[in-house]
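I opened a new structure today and kept notes as I went. Here is what I looked up, entry by entry.

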Amino acid sequence: MAFSDELWESAADVYAAIRAHPFLTGLTDGTLPHAAFGQFVVQDSHYLRGYARALAVLAARAPTEDDTTLFAQHAAGAIAAEQEMHAALSDALDADRAATPAAPTTLAYTSYLLATCHGGSFAEGLGAVLPCYWIYARVGEALLAESSPDPLYARWIAMYGGDEFQAVVDAAVGVMDRVAVDLAPAERSRVVGHYRTTSRYEWMFWDAAWRRECWPV
C-alpha cells in the first residue's frame, strides 16, 4: 500500500464528516445561504495567503530542484486563485474582504501550517498541506457530478472538480509517496498526525463558514 493510501485512510472518517456537512450539501441543492458562502470566500482569501506562504517554505526546503519548482508554482497558483476567483466571487456576493479579519479557525489553521512547515521536516510540512489539496479535489469531484442550481456555487464546484486541479493534486501526492520511502517509522507517524490534524481543520473551516464564525470579543 502506498503511503498516500495510508494517509487517506487515516482521515477517511473526517472526509466522510466533511461530505455530510450542511455547508456542502447546501452547495449542491442550492439551499446554502449566500451569507455563509460569502463568509467562506472571505476567509478562504485569508487562508490562501497563509497557505501560499506555507507552500513557499516547502519549495525552499524541497529535496530536489523539480520539487522546488513544483511547490513554488503551487504557491503562485494559490495567490492567483485568491486574486482572481475570490475577487470575482466577493464582488458577486458583496463581501468585503479587506474589512473582514481572519476568523479564529482561519488563523489557527494557517498558523499550524506555517509552524509545521518551518519547524518540522519537509515530509511533515507536506503532510500538513496535503489535505487542502486532496480533500478539495475529492469534494470537487463528488460535487461536480451533482453541480448546483445556483450559478455561483456551480462555478466554484467546476474550479475544484476539474482535471486541471486534479493534476496539481496528483503531483503533490506523488512527491509524498516518493519521499515517504526513506522516512523512519517515527517520522512517518508524525506525518500521519499532521495530515489528520489539518484534515480536521478542513472540516472546521467549512463549519466556521456555516456558523459565520467571528471573534467573540
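My notes follow, starting with the ground rules.

**Ground rules**

I'm working with a predicted model, so to speak with care: local features need pLDDT of at least 70, side-chain atom pairs count only at pLDDT 80 or more, and totals for chains, interfaces and linings use all residues. Residues are numbered from 1 along each chain as its sequence is written, and side-chain values use heavy atoms, with hydrogens and water left out.

**Entry 1: cysteines**

I began with disulfides. A disulfide is a covalent bond between the sulfur atoms of two cysteines. For my search, the cut-off was a pair of cysteine sulfur atoms within 2.5 Å. How many disulfides did I get by this rule? The count was zero. I looked at C117, and the nearest cysteine sulfur belongs to C132, 12 Å away. C132 is in no disulfide either.

I call a residue buried under 20% relative accessible area, exposed over 50%, and partly exposed in between (1.4 Å probe, protein chains only).

**Entry 2: salt bridges between helices**

Side chains of opposite charge can pair when their charged atoms come close. I counted a salt bridge when a side-chain nitrogen of Lys or Arg was within 4 Å of a carboxyl oxygen of Asp or Glu. That gave me seven salt bridges.

I also needed names for the helices. Helices (H or I, at least four residues) and strands (E, at least two) are DSSP runs, numbered from the N terminus.

One of the salt bridges pairs R188 with E6, with the closest N and O atoms 3.3 Å apart. Why did I mark this pair as tying parts together? R188 sits in helix α11 (residues 185-211) and E6 in helix α1 (residues 3-10), so the pair links parts that are 182 residues apart in sequence. R188 is partly exposed at 25%, and E6 is partly exposed at 31%.

Another salt bridge joins R190 and E124, again 3.3 Å from N to O. R190 is in α11 and E124 is in helix α8 (residues 122-144), so this pair ties together parts 66 residues apart in sequence. Here the two partners fall in separate classes: R190 is partly exposed at 41%, whereas E124 is buried at 9%.

**Entry 3**

An α-helix has 3.6 residues a turn, so residues three or four places apart point the same way. I noted D207 as buried at 13% relative accessibility and R211 as partly exposed at 47%. Salt bridges with shared partners join D207, R211 and E213 into one network.

**Entry 3: the cavity**

Rolling a probe the size of a water molecule over the atoms shows where empty space is left. On a 1 Å grid over the protein atoms alone, I took a cavity to be a set of points where a 1.4 Å probe fits but cannot get out, with lining residues having an atom within 4 Å of a point. Grid points are joined across faces, edges and corners, and a volume is the space filled by probe spheres set on the points.

I found one cavity of 30 Å³ or more. The largest cavity has a volume of about 30 Å³. Which residues line the largest cavity? They are Q43, A103, T105, T106, F205, A208, A209 and E213. Helix α11 gives the most to this lining, with three residues, and α7 (104-119) is also among the helices that supply at least two.

Just after α11, R212 takes a positive phi of about 55°, although R212 is not a glycine. R212 is partly exposed at 42%. S147 also has a positive phi of about 55° without being a glycine. I located S147 in the loop between α8 and α9 (151-161), partly exposed at 27%.

Conventions: On a 1 Å grid over the protein atoms alone, a cavity is a set of points where a 1.4 Å probe fits but cannot get out, and a pocket is an open set with protein on both sides within 12 Å along at least five of seven lines; lining residues have an atom within 4 Å of a point.
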